[in-house]
Amino acid sequence: MMSGSAAWQEGATYSVGQTAGYEARTYRCIQAHTAQSRWNPKDALTLWIEISPGQEHALDGGTTADNTTTDDGGEIPVDDEQAGNATGTPEAAAQVSAGGEWTKGATYSVGDVVTYFGASYQCRQGHRVDAADWTPPNTPSLWLPVAGSVAPPPWAQGKTYAVDERCSYDGQNYTCRQGHTAHAANWTPPNTLDLWLPDQ
């Protein structure tokens with residue numbers, strides 16, 4: 001564990017960029033949250049990313065040497081060799097042509113563009129996809145939605161939706177949080193937020 005990183009604690013509130021130690025390893029927070037019992041850095045892969053001693057230049061509290069900013073006002077770390085290519089802005093993302101499908105196990109560099117359930121995303125931070133739930137919608141500190149990419153289809157009663165599948169309803173886009181079949185007309189995304197996550 002890197003010196004200066006406090007041990008992870010259940011109940012503590014962490015901001016983007018803050019570091020914590022857990023089981024002799026050091027992790028950086030990639031989504032602000034208050035820690036619950038099963039949200040330790042080793043298991044909560046959408047909240048924490050393990051960092052190496054070579055990344056010590058990134059300071060707690062979200063400031064980094066190259067000041068790459070996340071959507072919620074925090075900062076995300078970018079490797080020194082990638083800093084020259086990092087844009088971190090929707091306008092820049094819109095200028096990049098969509099690439100291949102997002103794939104578990106792949107390694108992505110800053111600026112890479114992938115598609116996922118019809119939507120395009122640009123990589124904000126170089127990383128390897130080590131877990132199936134590191135999808136672009138689940139890891140906004142790693143992926144930036146590309147402005148103007150293909151809009152998701154409208155929500156439809158009777159359709160079966162898979163986790164991470166996207167739809168639109170009344171001008172708002174949503175990502176499926178739990179696989180289900182939309183059995184009733186009142187199972188619309190705004191009425192079933194345990195099943196759907198609205199885009200921010």
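Tutor: Let's start with a word we'll need: two residues are in contact when they have heavy atoms within 4.5 Å of each other. Take V129, which touches W102, T103, K104, G105, A106, Y108 and W134, leaving out residues up to four places away in sequence. A word on ground rules: this is a predicted model, where local features need pLDDT of at least 70, side-chain atom pairs count only at pLDDT 80 or more, and totals for chains, interfaces and linings use all residues. Residues are numbered from 1 along each chain as its sequence is written, and side-chain values use heavy atoms, with hydrogens and water left out.

Student: What is the mean pLDDT of the protein chain?

Tutor: pLDDT is the predictor's confidence in each residue, from 0 to 100. Here the mean is 75, and 72% of the residues reach 70 or more.

Student: Over which residues does pLDDT stay under 50?

Tutor: That's residues 56-98. The model has 83 contacts beyond four places in sequence for this stretch.

Student: How many helices and strands does the protein chain have?

Tutor: Both are DSSP runs, numbered from the N terminus: helices are H or I over at least four residues, strands are E over at least two. This chain has 1 helix and 17 strands.

Student: In what order do the strands of the open sheet come?

Tutor: Two strands pair if DSSP finds at least two bridges between them. The open sheet has 3 strands in the order β2-β3-β5, and the pairing is antiparallel. At its edges stand β2 (19-22) and β5 (48-50), each with a single partner strand, so one side of each has no neighbour in the sheet. Look at β2 and β3 (residues 25-29): they pair over 4 bridges, and T19 sits opposite R28 in β3.

Student: Are the residues of β9 buried or exposed?

Tutor: Buried means under 20% relative accessible area, exposed means over 50%, and partly exposed is in between (1.4 Å probe, protein chains only). By that rule, 42% of the 200 residues in the chain count as buried. Now for a general idea: in a regular strand, side chains alternate between the two faces of the sheet. In β9 (residues 113-116), V113 and T115 are on one side and V114 and Y116 on the other, and all of them are buried.

Student: Which strand does β9 pair with?

Tutor: With β10 (residues 119-123), in the antiparallel sense and over 4 bridges. T115 is the residue opposite S120 in β10. Their hairpin has 2 residues between the strands, and F117 there takes a positive phi near 50 degrees.

Student: How many residues are in the largest nonpolar core?

Tutor: In soluble globular proteins, nonpolar side chains tend to be buried together. A nonpolar core is a set of buried Ala, Val, Leu, Ile, Met, Phe, Trp, Tyr and Cys residues joined through side-chain atoms within 4.5 Å. The largest one here has 14 residues, and those with the most contacts inside it are W102, Y108, V114, Y121, V129, W134 and W143. The elements giving it two or more residues are β9 and β10, with β10 providing the largest share, 3 residues. A second, separate core of 10 residues includes C29, A35, A44 and L47.

Student: Where is W134 found?

Tutor: In the loop between β11 (127-128) and β12. W134 is buried, with a relative accessible area of 7%. Among the residues that W134 touches are L45, T46, I49, W102 and L142. W134 and L45 are 89 residues apart in sequence, but 7.3 Å apart in space, C-alpha to C-alpha.

Student: How many aromatic pairs does a search of the whole structure find?

Tutor: Rings of Phe, Tyr and Trp (its six-membered ring) pair if their centres lie within 6.5 Å; planes under 30 degrees apart are stacked, over 60 edge-to-face, and the rest tilted. The search finds 7 pairs. In one of them, the rings of Y108 and W143 have centres 5.1 Å apart and planes at 75 degrees, so this pair is edge-to-face. The pair links Y108 in β8 (residues 107-108) with W143 in β12 (residues 143-145), 35 residues apart. Both are buried: Y108 has a relative accessible area of 9%, and W143 has 1%.

Student: What kind of aromatic pair do Y161 and W196 form?

Tutor: Edge-to-face, with 4.8 Å centre to centre and 80 degrees between the planes. Y161 lies in β13 (residues 160-161) and W196 in β17 (residues 196-198), so the pair ties together parts 35 residues apart in sequence. Y161 is buried at 3% relative accessible area, and W196 is buried at 0%.
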